[in-house]
Amino acid sequence: MTPVTPAKQHTVVDSQYGPLTLVATDGVLSALYMTDQRHRPPEETFGVPDPEPFGEVIRQLGEYFAGDRTAFDLPLNLAGTPFQRSVWAELLKIPYGETRTYGELAVGLGKPGASRAVGLANGKNPVGIIVPCHRVIGASGSLTGYGGGLDRKQRLLAFESGGTGEEPQVLF
């Protein structure tokens, strides 16, 4: 029997953090990539351009960037190891406007010595912003690593904390 290849579609939407590439696998959001994002796969793996599966994603992102949404309610199709998926599930528990350290996430997973592994899994998060990996900081409170770049991480955290400094214009 020939294995069935999942159907993939993608679209690109503008945001105040640069273009966001949305990828769906079998009609369900499986990735949100920023420009120059670390661990971003080649574009030819994103499937055919088709905005159809992304209406609700785009609507919720627009509400988030307008300051009207603090949590996303979207089905996700996340491909990763069981440990990565457990880290990403833990990220979804971090409330809007708050941060957690890698160590706190490791403790929440029942693996207090796994902060480095948590950091590696966090960096492989395929759905940035929606699965809020930007809310994870270093033990000292420093902004450490972010696949979308530290500038974006700082801006996202400032936005969620009520804004400090100049706020970017909402493009949705």
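Student: What is the mean pLDDT of the chain, and what percentage of its residues reach 70 or more?

Tutor: The mean is 85, and 87% of the residues reach 70 or more. pLDDT is the predictor's confidence in each residue, from 0 to 100. This is a predicted model, with residues numbered from 1 along each chain as its sequence is written. Local features need pLDDT of at least 70, side-chain atom pairs count only at pLDDT 80 or more, totals for chains, interfaces and linings use all residues, and side-chain values use heavy atoms, with hydrogens and water left out.

Student: What makes Y64 and F65 an edge-to-face pair?

Tutor: Rings of Phe, Tyr and Trp (its six-membered ring) pair if their centres lie within 6.5 Å; planes under 30 degrees apart count as stacked, over 60 as edge-to-face and the rest as tilted. Y64 and F65 have their centres 5.2 Å apart and 70° between the planes. The centre distance passes the 6.5 Å limit and the angle is over 60, so the pair is edge-to-face.

Student: Why is the pair of Y64 and F72 called tilted?

Tutor: The ring centres are 5.3 Å apart and the planes stand at 40°. Y17, Y64, F65, F72, Y96 and F159 form one aromatic cluster.

Student: How do you know whether Y64 and F65 are buried or exposed?

Tutor: Buried means under 20% relative accessible area, exposed over 50%, partly exposed in between (1.4 Å probe, protein chains only). Y64 is at 0% and F65 at 1%, so both count as buried. In helix α1 (residues 55-65), V57, Q60, L61 and G62 are buried as well. Buried residues make up 41% of the 172 residues in the chain.

Student: What makes α2 roughly perpendicular to α4?

Tutor: Helix α2 (residues 82-91) and helix α4 (residues 115-123) pack at about 85°, with their axes 9 Å apart. Axes are lines fitted to C-alpha atoms, for helices over the stretch in contact, and angles run from 0 to 180 degrees between N-to-C directions. Under 35 degrees is roughly parallel, over 145 roughly antiparallel, 65 to 115 roughly perpendicular and the rest oblique. About 85° falls in 65 to 115, so α2 is roughly perpendicular to α4.

Student: Which residues make that contact?

Tutor: F83, Q84, V87, W88 and L91 of α2 meet A117, V118, A121 and N122 of α4.

Student: Where is D26, and is D26 buried or exposed?

Tutor: D26 sits in the loop between β2 (20-25) and β3 (28-34). Its relative accessibility is 51%, over the 50% cut-off, so D26 counts as exposed. Phi of D26 is positive, near 55°.

Student: And is I129 buried or exposed?

Tutor: I129 is at 0%, under 20%, so I129 counts as buried. Phi of I129 is near 70°, again a positive value in a residue other than glycine.

How values were computed
Helices (H or I, at least four residues) and strands (E, at least two) are DSSP runs, numbered from the N terminus. Contact means heavy atoms within 4.5 Å.
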